[in-house]
Amino acid sequence: MRLSAFPRVALGHLPTPLEPLDRLSEELGGPRFWVKRDDCTGLSSGGNKTRKLEFLMADALNQGADTIITQGATQSNHARQTAAAAAKLGLACHILLEDRTGSNDGNYIMNGNVLLDRLHGASVSKRPGGADMNAEMEALSATLKEQGKNPYIIPGGGSNPIGALGYVNCARELVDQAAEMGLTIDALVHATGSSGTQAGLVAGLAALESDIHLLGIGVRAPQEKQEGMVHDLACKTIAHMGLSIDIPRNAVRANCNYVGPGYGLPTEGMVAAVRLLAEKEGLLFDPVYSGKGLDGLIDLTKKGYFDGMANVVFLHTGGSAALFGYSDSFGLPGYAA
């Protein structure tokens with residue numbers, strides 16, 4: 001598996017740590033839990049999109065791009081990291097944010113990731129929920145080309161075969177870390193949304209012939225649709241790598257029972273999970289992706305999903321900046337007397 005053949009620009013602090021979550025393990029009484037700290041990738045407070053952007057931005061530079069266009073939900077972690085990467089590389093950046101929640105809360109629409117998008121110098125514009133965001137990006141690209149710019153479009157979440165290479169690399173990194181530590185990983189759990197992270201992991205683990213049980217906790221789409229998107233992109237990623245590996249459909253697992261009322265909308269389980277890890281492990285998780293992923297991890301542990309397993313890794317995809325857009329969801333008390 002030679003990723004060195006693909007253009008790549010260094011943006012992240014890699015490898016990210018692999019750490020035990022012993023207080024969580026004690027709390028749940030299941031297997032020993034570990035966390036793969038992709039919140040520590042370093043780019044604008046870190047997150048999983050940094051790995052994807054190392055390959056996507058290299059492709060943009062190779063094509064002579066001077067402007068980056070991407071899209072996401074209002075509190076998009078991907079948008080924030082893309083804006084930061086563009087700033088670091090001296091590229092203009094245009095962010096299109098889709099209103100998927102209908103919230104008019106000032107913190108949600110202006111704080112958290114949105115604040116950081118603007119601090120990084122990106123232009124930020126809103127689109128209504130349900131808009132064809134790919135068409136919106138293409139329209140903006142056409143306008144910029146008329147102005148003499150050379151724009152490069154990055155899909156939402158950085159989820160295409162180029163971006164997924166970042167998580168092919170993460171799979172190799174994790175397997176190497178575990179080998180160095182003498183650790184046998186039974187399962188790897190993570191939040192799955194736009195599909196690029198899971199597709200890269202599926203492709204990477206397949207290329208490594210690893211038997212780690214990979215489980216995505218869905219944050220948006222129904223199970224059949226989510227698994228279909230991941231499988232399709234994993235197959236395209238394998239083809240992009242020039243490998244002849246068959247990825248069976250049953251190699252893609254997504255549990256989508258923890259989405260709640262919709263994408264980006266808080267759930268009681270997410271709130272409880274984020275508070276538990278903050279109080280027990282001193283770690284911050286985001287309310288849209290990793291928080292719902294944790295809710296799934298915790299609930300499935302209680303239901304016996306991981307029975308018989310010794311070591312389970314949770315992939316921390318970052319995004320704690322979004323907490324500042326959801327402060328009212330946590331019902332925290334004011335100052336102590």
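This is a predicted model: local features need pLDDT of at least 70, side-chain atom pairs count only at pLDDT 80 or more; totals for chains, interfaces and linings use all residues.
1. Which residue lies over the face of Tyr263, and at what distance from the ring centre? Arg220 does, at 5.5 Å.

2. A search of the whole structure gives 4 aromatic pairs. One of these is Tyr263 with Tyr289: the ring centres are 5.9 Å apart and the planes stand at 75°, so the pair is edge-to-face. The two residues are 26 apart in the chain and belong to distant parts of it. Tyr263 is in the loop between β9 (254–255) and α10 (268–281), while Tyr289 is in the loop between α10 and α11 (290–302). Both Tyr263 and Tyr289 are buried.

3. The rings of Tyr305 and Phe306 also form an edge-to-face pair, because their planes are at 75°, where the cut-off is over 60 degrees. Their centres are 4.9 Å apart. Tyr305 has 32% relative accessibility and so counts as partly exposed, whereas Phe306, at 1%, counts as buried.

4. Gln226 belongs to helix α9, which covers residues 223–240. Its relative accessibility is 0%, so Gln226 counts as buried. The side chain of Gln226 has a polar contact, at 3.0 Å, with the side chain of Thr192. Leaving aside residues up to four places away in sequence, Gln226 touches Thr192, Gly193, Ser195, Ala221, Ala254 and Cys256.

How values were computed
Residues are numbered from 1 along each chain as its sequence is written. Side-chain values use heavy atoms; hydrogens and water are left out. Helices (H or I, at least four residues) and strands (E, at least two) are DSSP runs, numbered from the N terminus. Buried means under 20% relative accessible area, exposed over 50%, partly exposed in between (1.4 Å probe, protein chains only). A polar contact is a pair of N or O atoms within 3.5 Å; within protein, one must be able to donate a hydrogen and the other to accept it, and residues adjacent in sequence count only if both atoms are side-chain atoms. Contact means heavy atoms within 4.5 Å. Rings of Phe, Tyr and Trp (its six-membered ring) pair if their centres lie within 6.5 Å; planes under 30 degrees apart count as stacked, over 60 as edge-to-face and the rest as tilted. A charge sits over a ring if NZ of Lys or CZ of Arg is within 6 Å of the ring centre and within 35 degrees of the ring normal.
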